[in-house]
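Trainee: Please take one part of this model and go through it closely with me. I would like to see how its residues are placed and what they touch.

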Amino acid sequence: MKTLSDLKVGETAIIDSINITGILKRRMIDMGITKGCEIKVEKFAPLGDPIDIRVKDYHIAIRKSDAKNIIVK
């Protein structure tokens, strides 16, 4: 099982599932992070948190703790 936080800069993956509940999951879906969506890791902040990802032609910064709950393939 590979998570979004396991990806390296430049890697692309498909979201398999989001193991987050409540309002945070709703926010992720509103930002376009949905099952089957292709994402690309663009860069990490200097200390490794947050992660800058590309989803549907725009950039999103996600905390590493949240990225660990997004399963990718």
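Mentor: Of the contacts in the protein with a separation of 6 or more, 58% are between residues 24 or more positions apart; contact here means heavy atoms within 4.5 Å. Bear in mind that this is a predicted model, in which local features need pLDDT of at least 70 and side-chain atom pairs count only at pLDDT 80 or more, while totals for chains, interfaces and linings use all residues. Residues are numbered from 1 along each chain as its sequence is written, and side-chain values use heavy atoms, with hydrogens and water left out.

The protein has two helices and six strands, in the order β-β-α-β-β-β-α-β along the sequence. These elements are DSSP runs numbered from the N terminus (helices: H or I, at least four residues; strands: E, at least two). The radius of gyration is 11 Å, close to the 11 Å from the globule rule for 73 residues, so the protein is as compact as a globular protein of that length. That radius is taken over C-alpha atoms, and the rule is 2.2 Å times the number of residues to the power 0.38. Buried residues make up 36% of the 73, where buried means under 20% relative accessible area, exposed over 50% and partly exposed in between (1.4 Å probe, protein chains only).

Threonine 3 is in strand 1 (residues 2–3), whereas serine 5 lies in the loop between strand 1 and strand 2 (12–18). Threonine 3 counts as buried because its relative accessibility is 9%; serine 5, at 12%, counts as buried too. Their side chains make a polar contact with each other at 3.0 Å. Such a contact is a pair of N or O atoms within 3.5 Å; within protein, one must be able to donate a hydrogen and the other to accept it, and residues adjacent in sequence count only if both atoms are side-chain atoms.

Now look at what surrounds the pair. Leaving aside neighbours within four places in sequence, threonine 3 is in contact with Ala67, Lys68, Ile70, Ile71 and Val72. With residues up to four places away likewise not counted, serine 5 touches Ile51, Lys64, Ala67 and Lys68.

Follow Ile70 from there. Its contacts beyond four places in sequence include Lys2, Thr3, Leu4, Ser17 and Ile62. Along with Leu4, Ile33, Ile53 and Ile62, Ile70 touches the most other members of the largest nonpolar core, which has 19 residues. Strand 2, strand 3 (38–44), strand 4 (51–55), strand 5 (58–62) and strand 6 (70–72) each supply at least two residues of this core. A nonpolar core is a set of buried Ala, Val, Leu, Ile, Met, Phe, Trp, Tyr and Cys residues joined through side-chain atoms within 4.5 Å. In soluble globular proteins, nonpolar side chains tend to be buried together.

Serine 17 is partly exposed, with a relative accessible area of 23%. Beyond four places in sequence, serine 17 touches Asn69, Ile70 and Ile71.
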